Amino acid sequence: MGLSIGQVAERTGLSVHALRFYEREGLLADPVRRESNGRRVYTEDDVDWLDMCIKFRSSGMPLDTIRKYTDLVRQGPGNEQDRLALLRSHQDYVSAQIQELNECLNVITHKVDIYTESLDEGTADCLWVAPGPTDTSAAS
């Protein structure tokens, strides 16, 4: 037995509207089957594919790139190098984003440490005091 669009929406966290959009944009690996009354019937494979697409989107992969990957998968064997190149390119992008976020986290952690230490020592009132015309000591 298949899954209704509402069940898939609940399981993936996508709205019914978003599911229809993904289908319309050709982002599903296989066409969604329809019952005689026109209702969509999804499979577990569809849910797995959508979960992967959600991870791709959450990591910043453009819809055009997801569509290209989907098209390559639909074509079947013989284009694995192209799929790998696409995935490696996105992997590099995500790695760079993670590195940048780690640098941001290091700054935030440093600031947390300064504030924690200053609060523990009772010197927090000296943190980030707006400098006067000749005061250049506001570095925290």
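Contact here means heavy atoms within 4.5 Å. The model is a predicted one, in which local features need pLDDT of at least 70, side-chain atom pairs count only at pLDDT 80 or more, and totals for chains, interfaces and linings use all residues. Residues are numbered from 1 along each chain as its sequence is written, and side-chain values use heavy atoms, leaving out hydrogens and water.

Let's start with H90. Leaving aside residues up to four places away in sequence, H90 touches F56, S59, G60 and M61. H90 sits in helix 5, residues 80-121; helices are DSSP runs of H or I with at least four residues, numbered from the N terminus. With a relative accessible area of 11%, H90 is buried (under 20%, by a 1.4 Å probe on protein chains only). The H90 side chain also makes a polar contact with the S59 side chain at 2.6 Å (a pair of N or O atoms within 3.5 Å, one able to donate a hydrogen and the other to accept it).

| Helix | Residues | Residues in contact |
|---|---|---|
| Helix 1 | 5-12 | I5, V8, A9, T12 |
| Helix 2 | 16-24 | V16, L19, R20 |

This contact comprises five nonpolar residues, one polar and one charged, where Ala, Val, Leu and Ile are among the nonpolar ones and Arg counts as charged. The two axes, lines fitted to C-alpha atoms over the stretch in contact, come within 9 Å and cross at roughly 100°. Helix 1 and helix 2 are therefore roughly perpendicular (65 to 115 degrees).

Terms used: Helix = DSSP H or I, 4+ residues; strand = E, 2+ residues; numbered from the N terminus. Buried < 20%, exposed > 50% of the residue type's maximum accessible area, 1.4 Å probe, protein only. Axes fitted to C-alpha atoms, helices over the stretch in contact; angles between N-to-C directions. Parallel < 35°, antiparallel > 145°, perpendicular 65-115°, else oblique.
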